[in-house]
Amino acid sequence: MEKRLFTSECVTCGHPDKVADAISDAILDACLAQDENSRVACEVMVTTDFCVICGEITTKAEVDYAAVAREVIRSIGYTHPETGFCADTVEILCKVHTQSADIAMGTNDEVGGAGDQGMMFGGACTQTPELMPLPAALSRALSNRLTQCVQSNDLLRPDGKTQVSVEFDEQGKVIGIDTVVVSVMHTEDFEISELRRYIREGVIAPVLQQYGFDIADVAHIHINPTGKFVIGGPDGDTGLTGRKIIVDTYGGYFSHGGGAFSGKDPTKVDRSAAYMARYMAKNLVAAGLAEQVQVQLAYAIGVAQPVSVRVDSYGTGKMQDEELTALLRKTCDLTPGGIIRKLSLRRPIYGKTAREGHFGVEDRPWEQTDLAEQLKQLANI
């Protein structure tokens, strides 16, 4: 019988697209640190020793966008001229203007409407302690471990990718890990056999052990499968803000509305409502009301209340999905302002999300399970 596999991938913070995300979120943080009411929609492109910063920013903050970008590039580890993208030599072009007055008219504090139309999804399940799907959690953990190794090993460079295929049974329960793929940029001096041993022992084995798996039980492991990976980062591939939306969420395990997160202030429901949907889904699972949940929210531009709220518990709910939806509507203020207040989003907290991940990280306010007890009591189960 063919295996039932699900695969998710992730990338390190040195991947070109994540470099762009990190710069966008660092600029957002810099604006919010001085002016919590900053309206930011910052887009970045990076390529060989060149960075373009553009978008719409309305703020009282005085920020040197180029200096912020250069510091991000340096902190990620692009400090070697031979990589073709270096903090000391990169040319930076800024093309930023203020937010459209037409959009601002429907999203100011008096109106409190959503900054755009669209749908957002949040999910949670019991496959991991952080209530994330196992394929997404493992690929993220591998990427973050790779980043740690880059910081301590002079033969590694910041760009990298991971991928994990998990086998499930017919009921959706985890059987084991079928395939792990890791690719990491390195110097010419890192001999491929030694690199593969290093990644196997220093990255894959400890991460799998953390989640209760033994590397010896993995059927297939591919480490830098093409061999050499010396040309990488923005020199090897152009990076753009918002191009890793599946990596940023659930690795494809749950649905995605299509909106990116990085560089957007919390009046943009693409970001804030996706965080709120995760918060609600995680609390439903933490309350024991379902083993797996997906929450969908949808908004109209300039309208405060969502046009729809939907819960799908995939048949695992202790109540009907409509009843779970009613519980969320009763306990959560789903207006953009209500979400911002509940999760304290007008703060410079976004730089880490671009580097370490948006979901499954306990210090994120939308990862808290403080609503679970109230949901449990209301459900009376």
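The second largest cavity holds about 70 Å³ of space, where a cavity is a set of points, on a 1 Å grid over the protein atoms alone, at which a 1.4 Å probe fits but cannot get out, and where a volume is the space filled by probe spheres set on the points, with grid points joined across faces, edges and corners. This is a predicted model, in which local features need pLDDT of at least 70 and side-chain atom pairs count only at pLDDT 80 or more, whereas totals for chains, interfaces and linings use all residues. Residues are numbered from 1 along each chain as its sequence is written, and side-chain values use heavy atoms, with hydrogens and water left out.

The lining of the second largest cavity, meaning the residues with an atom within 4 Å of a point, includes Met119, Met120, Phe121, Thr249, His256, Phe261 and Asp270. Helices (H or I, at least four residues) and strands (E, at least two) are DSSP runs, numbered from the N terminus. By class, the lining of the second largest cavity divides into 5 nonpolar, 6 polar and 1 charged, with Ala, Val, Leu, Ile, Met, Phe, Trp, Tyr, Cys and Pro counted as nonpolar, Asp, Glu, Lys and Arg as charged, and the others, Gly among them, as polar.

The structure holds 3 cavities of 30 Å³ or more, and the largest cavity contains about 90 Å³ of space. Of the 14 residues that line the largest cavity, Met132, Ala136, Arg140, Val247 and Thr249 are the closest to its centre. At least two lining residues come from each of strand 1 (4-11), helix 4 and helix 7 (245-248), and the lining of the largest cavity comprises 6 nonpolar, 5 polar and 3 charged residues.

A pocket, by contrast, is an open set of points with protein on both sides within 12 Å along at least five of seven lines. The largest pocket has a volume of about 300 Å³, and among its 16 lining residues Glu130, Ala141, Asn144, Gln210 and Tyr211 lie nearest its centre. Helix 4 (134-152) and helix 5 (192-210) are the elements that give two or more residues to the lining of this pocket, with helix 4 supplying the largest share, 6 residues. The lining of the largest pocket divides into 8 nonpolar, 4 polar and 4 charged residues.

Turning to the strands, an open sheet of 4 strands has the order 4-3-2-9, with mixed pairing, and its edge strands, strand 4 (91-97) and strand 9 (239-240), each pair on one side only. Two strands pair if DSSP finds at least two bridges between them; strand 2 (residues 39-47) and strand 9 run antiparallel and are joined by 2 bridges, and Val46 stands opposite Gly239 in strand 9.

Cys10 is in no disulfide, and the nearest cysteine sulfur, that of Cys13, is 10 Å away; Cys10 counts as buried (under 20% relative accessible area, with a 1.4 Å probe and protein chains only), because its relative accessibility is 1%. Cys51 is likewise in no disulfide, with the nearest cysteine sulfur, that of Cys94, 7.5 Å away, and Cys51 is buried, with a relative accessible area of 0%.

Conventions
Disulfide = S-S within 2.5 Å. Buried < 20%, exposed > 50% of the residue type's maximum accessible area, 1.4 Å probe, protein only.
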